[in-house]
Amino acid sequence: MKNNIEQYLGSGMNMFFENVLGLFDTIKNEYDNMSTRKIQLKCEKKPNAIIKIDTDTPNIAAILNYMVEYYREPYQILKECKGETIFLTTFTWKYAPSGKLNFGLEGLSVNSGIAKIKRYLDKAIVIKLNDIDSMKKLLTTFLSAESKIISEAQTMNCYFPDVKDIKKCTDLFYKSIKFFMSHESFLEMEKKERVLCELLNIGSYYDGEKYKTTIYAPRSLLVLPSIYKNLSLYLKRTEQDEMLTKCNHSIFLAKLHQANRWYTLAVEKRKLCLYHVALPAYQTEQNTDMFLEMRNIKTYDSYEGVGELRLADKILYELEYRDKNQLDIGNIRISIFGEVNYNPLLELIDYLNKVINIKYPYMKAKYKLSFDIYTRKIDELEENKRISEYKNCVLKFYKKDEKQFSIRKKIDKLIDDSDIIFLLDNSGIYNAVTYEAFDDGGEYYKNLQMLPDQISIDEDREDFKIDKNFDELYNIAVTYGNFGKFGKIYKEAYDTLLGAFEQRCSDEKVIYAYISDLDAFSQVYFNQEQYVRLEQYRDKEMGIIRFSKRKENLLKNSSSQKMIVFNLWQFVKHIAIHERMNFEEYFIYPSYRSKILLDQILIGIDYSLWIEEVVFSYTLDSKIDINKAIYCERLEQFINNVIIPKFDSMSEISYESYYRKIFISFLYGDAKNVEDLLFLHIYQWHKIILGKSKLRERYTDEKQDLIDNKNVEFKFSTKRFYQIAMKRFDSTFNNEYDRLNAYGTLRRESNMLFYDYKKDDIKMILSNIKKACEAITYDRTILYRQCQEYLLRYRGE
């Protein structure tokens, strides 16, 4: 089954922007043929529909509006030269479902929401008339600014507004919330009239079936300048590597997803409810919807979507473990809780079968997997797909039992009936979403008036972050509107469920819990008995907890060779998983695509001379001759043009920092000893002192070096505590109090771990770090001195 990118793009908005990036790639590919950066787009079917573009200073909003107006039409790309236009090439849309793009304008009315708020104000009897008049004036000017943007979208095809209009509108929205939240009389009125709900939902509407949020909601409008800036810089770049282009597309869409996520309020059956706004992570069919989903938080199966294909490595790990230990693999039952989709699940099964055929052929005849899927999305699935067989696998979809995790007998039965359980950031592992009140809400109320009068739209910023004052005020308004208190939305772990998992897991019964709210699971994170690792996922840090009675060996202190090894699949999985087939086709010869996997293409990082240089190398972990199986010249080009520049970059701009976070994410998993972790600590926090990276010329012993240095033991070990200690101690303290405070914090965190666990207590961790500093010549540093001083000070304990 060939993977289908349309399914992963998720929504009309994602598909639209994928085509925008495709147009920009088409333009950039012609840069060598341009004597000027001034070009024209001409719609083939409407020759008078022309837009002029200066690629050095492009008007991104105008380009986007042009593409909306002439959606799905081929464009001629022409260059301007000495008063003439010369044809360069033609752009055709790649992902373009039929029908007009739907911005949700038909049901949108700003007037009704503002009018309702004004009626609430008119009825108020305890609010000063001056305050009411000031609030009404703010609302009227905000209404005018918001209406202008929506009116121009409806009548002038100006769907993507100008930055100055966005700034005016969002400033007024911010001032309206600030004024409301900083007057106690308004807050008293809020407990009866739900004004904040109306105000926060400007730009959203109910279509008779569900709520929808448009890009004209002020919180969404604030993201648009970042989108414009990203696209402008993207058009200016001259990077030509084909695979880098695919990676950058994926990064843009990941950031688009993460930026368009927030809490809001809505009335459901006359009851005020906490809602969540987001772009859909997955769509079964292409659509033209340019708005965002708005859902009651109680309807979520997964707070953060987790791609089905990302479960593959863990399932394969469990299969291999069971087979090595003579455990039955004839019918492994896998229970999955979350927003699981049918077609990606089939792709997961295809991938599992392919890996088993290539790497574990001895399992092929005897393994069978039974997937039990528990999801609220079963109503969207056809009856004939709810129970089906597919390639050594049985799929059974069940309606999620709302009491599945609330009754201990049901939890125990689930564990007894399953071999592997996956909880994909499932709502069942959290208690009900609530709030955490500020310690001094009264003081915060006073500080509201100290917030700046205007928000900042930094047009030079390439990331997708919005103004922090706006974001903070917006979230506090949501919390107050829903709970009537100053605070923040808060989730906490469901301890009853976690306790059951801890008690009933075994060598054979394993539970993987993906979590997006790390604060809710801080006690688990600092628990020596739990195996936890962090991964970057769509610009979001996710935790993965593994409940199992198996014990990993303690982390080794050193090895003879200073090398960390990762594989190409890890890079693809973290950045562009939906492009994996394209990566296979690009790097593996056609006749070997059924015999070679991306995870068999190994890339090594030799840091033995890290002060002078960091040396990359590669090989194929297979008996097949590397020169016969893969396009070595393409792989070398990819390492030289993508891996090394992104690894070496110290830039904090959006794309560069994204790559660095991805490297850190999977390389910490690949670290097999304390020296590897120390090198990664230097890479993460002191990149400036690392030598330049280069690709080593291949040599005869390279293959075995890379294979020997793969990490196969320590994926879920105690590495996180070494990370904590390195970061905490590799800093300068202003005085003795700060130093002792850092020691005390570290000791408290470690005591949660190492109480009655003497082999790997804090002193052993610091002793191992000190040895690693000596081994890789990092011993004339603050980290080394702090470890040494701590060990001397507390050696008698």
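Colleague: What do E18 and E19 form, and how many residues sit between them?

Modeller: Bear in mind this is a predicted model. E18 and E19 make a hairpin, with two residues between them. Arg 538 sits in that turn and has a positive phi of about 55 degrees.

Colleague: How many bridges pair E18 with E19, and in which sense?

Modeller: Seven bridges, antiparallel. Within that pairing, Arg 533 is opposite Ile 544 in E19.

Colleague: And is E18 largely enclosed or open, and why?

Modeller: Largely enclosed by the rest of the structure, because six of its seven residues (531-537) are buried.

Colleague: OK, switching to the four-strand sheet. What's the strand order?

Modeller: E20-E21-E22-E23, an open sheet with mixed pairing. E20 (563-567) and E23 (692-695) are the edge strands; each has a single partner, so one side of each has no neighbour in the sheet. From one strand to the next, the twist averages 25 degrees.

Colleague: What joins E21 to E22?

Modeller: Six bridges, between residues 601-606 and residues 613-620, with the two strands running antiparallel. Ile 603 faces Tyr 618 of E22 there.

Colleague: Which helix lies across E20 and E21?

Modeller: That's H23, residues 654-670, which runs at about 115 degrees to E20.

Colleague: Now salt bridges. How many are there?

Modeller: The count comes to 45. One of them is Lys 45 with Glu 73, at 4.0 Å from N to O. Lys 45 is in the loop between E1 and E2, and Glu 73 is in the loop between H3 and E3, so the pair ties together parts 28 residues apart in sequence.

Colleague: Is Lys 45 buried or exposed?

Modeller: Exposed, at 64% relative accessible area. Lys 491, on the other hand, counts as buried at 8%.

Colleague: What does Lys 491 pair with?

Modeller: Asp 517, with the closest N and O atoms 3.8 Å apart. The two are 26 residues apart, Lys 491 in the loop between E16 and H17, and Asp 517 in the loop between E17 and H18. Asp 517 is buried too, at 17%.

Colleague: What about Asp 676 and Lys 672, how far apart are N and O?

Modeller: 2.9 Å, in a salt bridge between their side chains. Asp 676 and Lys 672 are both buried.

Colleague: Which residues are linked in a network of salt bridges?

Modeller: Glu 347, Lys 354, Arg 580 and Glu 584.

Colleague: Last one: how many of H13's residues are buried?

Modeller: 14 of 18, so mostly covered by the cut-off of under 20% relative accessible area. H13 covers residues 342-359 and reaches 26 Å from first C-alpha to last, close to the 26 Å expected.

Methods
Residues are numbered from 1 along each chain as its sequence is written. This is a predicted model: local features need pLDDT of at least 70, side-chain atom pairs count only at pLDDT 80 or more; totals for chains, interfaces and linings use all residues. Side-chain values use heavy atoms; hydrogens and water are left out. Two strands pair if DSSP finds at least two bridges between them. Axes are lines fitted to C-alpha atoms, for helices over the stretch in contact, and angles run from 0 to 180 degrees between N-to-C directions. Contact means heavy atoms within 4.5 Å. The expected span of a helix is 1.5 Å times one less than its number of residues. Buried means under 20% relative accessible area, exposed over 50%, partly exposed in between (1.4 Å probe, protein chains only).
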